[in-house]
Amino acid sequence: MLWGELMKSIYAILLLIVISTLITFNVEGYLEKIKIAVSIGVLKYIVEEIGGIRVEVFSIVPPNIEPHQFTITPQVLYQASTAKLIVIDGHMDWEIKLVEQVAKAKGVKQNDISINLMDYKNNMTILEIPSWTGVSGRNYHGYWILPENIIVIAEAIKNKLSEIDPEGREYYEENFAKLKEEINILNKEIMSLKRKISGVKTVLAFLAEQYIAYIFGLEVASILTIEEGTSPTPKTMEAAYNTLKEGGIILVSDVSSKMPVYNTIQELSKQTGAPIIEVMITMEMGYTSIMMYNIGIINGMLLNRSIKYTSTQANQEVTWIITAMLGITVTIESAYIYKIRRR
């Protein structure tokens, strides 16, 4: 009798331990995580910042692939269909088709399983393509890099996650508040650099860099490529060459560095001695780290403007090495600060 009561007590204790362990796992996100797919790497960070331990996020486009050249394969379609939510940038045709196909396969409405950031464009800062390019319209390449747009995107994700997972609403709200605080701190760093370099003339490799120029107040004098895969016109090349000979800089991103125009950029740099500043827009890194890297790389290059640039390879190499070292240092420091802040 006593033995039976003892065994019941042991079973009860074991059951409580199992239940407690399962609850702990669930709270910590080891079970029942919401699986989310994002079209491009930079969106992965925003989702993770808001979703935290309650989500599992993967990027559809690999880091080494230029997003505009991406195509849907059966494997991509299968991977996307495993996600409960798909977050897309919205300005590339393949993204729209992907959501359509997944929704059709699941027999649900597209809005139920996706967030299309273009639905929020009226709440974001979307730049106009400069009229002197001969192309009119709004520039949807790289708009997500603006701090104010990050807030809009994060809020949309917060609201959608709260809808999918009501129990996590308070958690998502807290993470959203933390992100806004981080961006407020980042804006102070941006404004500090902007006061130093505002008005400096720049040649852009592609439209995506227009947003980086806008953030730091750089004056866009020429854009070599307006559409993916196209070559600069003779008129565009002449304007770029003259700008660079007069002391302008070249702005390239991790988007345009994968395009054919990058070869033209390198040649222009050799001919004019102008520095190439390679910024990040789509890397799968934290937004704070991306922007701190951009601040460091731009600041480092422009600090060296007191050195007279020549077309000699040695002079360029020294400058690029100094800039790279500064950029790496800033990135490491920002990552460390970010870790401390999240504790």
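**Entry 1: the cavities**

I began with the second largest cavity, whose lining residues divide into five nonpolar, three polar and no charged. For these classes, Ala, Val, Leu, Ile, Met, Phe, Trp, Tyr, Cys and Pro count as nonpolar, Asp, Glu, Lys and Arg as charged, and the others, Gly among them, as polar.

A note on the source: this is a predicted model, in which local features need pLDDT of at least 70 and side-chain atom pairs count only at pLDDT 80 or more, while totals for chains, interfaces and linings use all residues. Residues are numbered from 1 along each chain as its sequence is written, and side-chain values use heavy atoms, with hydrogens and water left out.

I then looked up which residues line the second largest cavity, and found Ile40, Pro67, His68, His91, Met92, Trp144, Val255 and Thr282. About 40 Å³ of space lies in it. A cavity here is a set of points on a 1 Å grid over the protein atoms alone where a 1.4 Å probe fits but cannot get out, and lining residues have an atom within 4 Å of a point. Points are joined across faces, edges and corners, and a volume is the space filled by probe spheres set on them.

How many cavities of 30 Å³ or more does the structure hold? I count two. The largest cavity contains about 100 Å³ of space. Its lining has 12 residues, with Gly41, Pro62, Pro63, Ile65 and Thr282 nearest the centre. By class, I noted seven nonpolar, two polar and three charged residues there.

**Entry 2: the largest pocket**

Next I turned to the largest pocket, with a volume of about 290 Å³. Of its 16 lining residues, Trp132, Thr133, Ile223, Thr233 and Thr236 are the closest to the centre. A pocket is an open set of points with protein on both sides within 12 Å along at least five of seven lines.

Which element supplies the largest share of this lining? I found that β6 does, with five residues. Both β6 (219–225) and α9 (234–245) supply at least two residues each. Helices (H or I, at least four residues) and strands (E, at least two) are DSSP runs, numbered from the N terminus. The pocket lining divides into eight nonpolar, seven polar and one charged.

**Entry 3: helix packing**

I followed α9 to its contact with α10 (residues 261–272), where the two pack at about 40° with axes 10 Å apart. Axes are lines fitted to C-alpha atoms, for helices over the stretch in contact, and angles run from 0 to 180 degrees between N-to-C directions. The pair α9 and α10 is therefore oblique; angles under 35 degrees count as roughly parallel, over 145 as roughly antiparallel, 65 to 115 as roughly perpendicular and the rest as oblique. Met237, Ala240, Tyr241, Leu244 and Lys245 of α9 make the contact with Thr264, Leu268, Gln271 and Thr272 of α10. Contact means heavy atoms within 4.5 Å.

I also checked α7 (residues 169–197) against α11 (residues 287–303): the angle is about 15°, with the axes 11 Å apart. These two helices, α7 and α11, are therefore roughly parallel. By class, their contact has 11 nonpolar, two polar and three charged residues.

Last, α6 (residues 147–164) packs with α7 at about 175°, with axes 10 Å apart, so I logged α6 and α7 as roughly antiparallel. The residues of that contact divide into 10 nonpolar, two polar and five charged.
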